[in-house]
Amino acid sequence: MDGKVYSGKNVQSVYRENRAAVVDIVRRYGPVSKPDIARMTGLTTVSATNIIRDLVALGFIKEKGIGKSTGGRRAVLYDINGEGKYSICVDMSDKDIKVAVVDLAGRIISSANFHVKPGENTLMLDLIRALDTFIKTRVSMREQILGIGVAVPGISDPETGTVLVSYPLGWRNVPLKTMLTQAFSYPVFITKETAAAILGEHYFGEKTDVKNLLYLNIFDGIGVGLMVDGRIHRGADGVAGEIGHTVIDMDGPECECGNRGCLERVASMKALVEYVDGMLNAGRDSVLSTAERDQEGKIPVSAISQAARQGDAVAMEAIQKVAGYLAAGIVNLSRILNPDVIFLSGKIIEKGQPLFEEIGRAINKFRPILDERVPVKISSLGESARLLGASIPVFEAAFERHIRQRSAAQRSAIQGTATQRTAARK
């Protein structure tokens with residue numbers, strides 16, 4: 001024996017996995033026909049038929065019209081049944097708390113934004129108050145809420161729901177799941193924000209067959225989400241993908257993590273603003289010298305982007321510097337992980353925006369190294385990806401509960417029938 005522990009699959013785990021696979025196909029590609037479901041899952045037509053019947057009875061999928069004729073009988077189409085199954089989703093930052101009701105089909109039914117005051121150490125209270133206010137104003141759907149999903153920046157334990165460390169929130173070892181479970185009567189699921197974003201993109205974004213994704217969210221920090229073979233890759237301690245705190249310039253500025261020259265310290269939107277301020281303080285001529293600043297006295301990133309579009313030398317120089325660092329990080333990750341696609345997200349990561357264009361040009365310099373077949377795309381969901389992705393653990397757990405209950409009911413019925421037959425023989 002080699003000392004490894006091997007886990008086999010019993011009948012019940014296969015039962016659950018097959019139904020989860022059908023739900024996944026219908027959610028991502030619906031409306032879809034029964035033959036297509038069987039083909040895409042590898043199930044037999046008989047098995048697919050039985051599973052579809054179960055899922056319709058459970059209310060997870062529904063009939064959605066009739067498909068086009070291909071010469072024979074027209075097939076019934078099936079789609080996700082989003083009605084009556086909701087998740088309360090939260091996207092946290094140190095500046096605001098976004099809360100939304102998301103249905104099983106990935107639609108944001110309603111949402112609200114609650115501003116917080118950075119540095120006052122009231123973030124947990126702000127979160128509980130925001131959730132309480134939000135839920136109280138949606139009394140009509142309380143019984144249909146399946147749970148609360150929270151996307152958190154930083155490193156968290158998905159099992160215990162403890163936020164191990166979050167530099168943006170100023171948290172260490174915060175038992176977030178425990179505290180929210182005590183405050184509310186719903187199951188609570190904590191997900192790293194980049195993991196939530198990549199789940200949102202995978203399930204509700206572009207309809208593709210790819211299962212190996214790299215997702216970068218570029219804001220005040222740099223968050224990275226990894227999906228390997230259709231599953232979120234967290235690593236042994238949940239820190240996989242923390243490229244924002246990998247050193248890219250040993251002589252660079254000190255990072256809040258204690259190292260110097262971390263990628264997010266030299267290539268984030270915060271760094272972009274600092275580069276511009278540095279050049280302005282050095283006396284460089286720029287339209288940004290008269291730009292209106294925000295409440296914190298900073299030049300808005302949107303103003304820098306606008307200045308770059310107008311050809312401002314300071315803005316372009318700062319953007320090119322950030323883009324160069326980002327491209328290096330993206331290329332390094334791509335060669336290690338070999339993804340099918342790379343998604344970029346952020347407030348100024350849009351087509352036609354100077355930063356995205358410069359990142360593309362910088363990456364092209366590495367094309368002899370970076371496989372040209374790996375496309376770099378803008379997230380189709382943008383800021384909504386984290387909210388939508390936070391719903392996935394909620395819905396998956398509810399789905400598991402329903403399947404276990406149905407499986408237990410079926411076993412009980414079979415045992416009852418067997419008992420009756422035994423009694424009859426006696």
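Q: How many residues apart are arginine 129 and aspartate 126 in helix H4 (residues 123–136), and what separation does this give?

A: Helices (H or I, at least four residues) and strands (E, at least two) are DSSP runs, numbered from the N terminus. In helix H4, arginine 129 and aspartate 126 are 3 residues apart, so about one helical turn separates them. This is a predicted model, in which local features need pLDDT of at least 70 and side-chain atom pairs count only at pLDDT 80 or more, whereas totals for chains, interfaces and linings use all residues. Residues are numbered from 1 along each chain as its sequence is written, and side-chain values use heavy atoms, with hydrogens and water left out.

Q: What contact do the side chains of arginine 129 and aspartate 126 make?

A: A salt bridge is a side-chain nitrogen of Lys or Arg within 4 Å of a carboxyl oxygen of Asp or Glu. The two side chains meet in such a bridge, at 4.0 Å from N to O. By this rule the structure has 14 salt bridges.

Q: Which parts of the chain does the salt bridge between aspartate 277 and arginine 293 tie together?

A: The closest N and O atoms of aspartate 277 and arginine 293 are 3.2 Å apart. Aspartate 277 belongs to helix H8 (residues 269–281) and arginine 293 to the loop between H8 and helix H9 (301–309), so the pair links parts 16 residues apart in sequence. Aspartate 277 is buried, at 15%; arginine 293 is partly exposed, at 37%.

Q: Which strands pair with strand E5, and in what sense?

A: Two strands pair if DSSP finds at least two bridges between them. Strand E4 (residues 86–92) pairs with E5 in the antiparallel sense over 7 bridges, and E5 pairs likewise with strand E6 (residues 108–115), also antiparallel over 7 bridges. Valine 99 of E5 is the bridge partner of valine 90 and stands opposite alanine 112 in E6.

Q: How many residues lie in the hairpins that join E4 to E5 and E5 to E6?

A: The E4 to E5 hairpin runs through 3 residues. Between E5 and E6 there are 4 residues, and glycine 106 in that turn has a positive phi of about 85 degrees.

Q: Why is strand E5 described as largely enclosed?

A: In strand E5 (residues 96–103), 7 of the 8 residues are buried, so the rest of the structure largely encloses this strand.

Definitions and conventions. Buried < 20%, exposed > 50% of the residue type's maximum accessible area, 1.4 Å probe, protein only.
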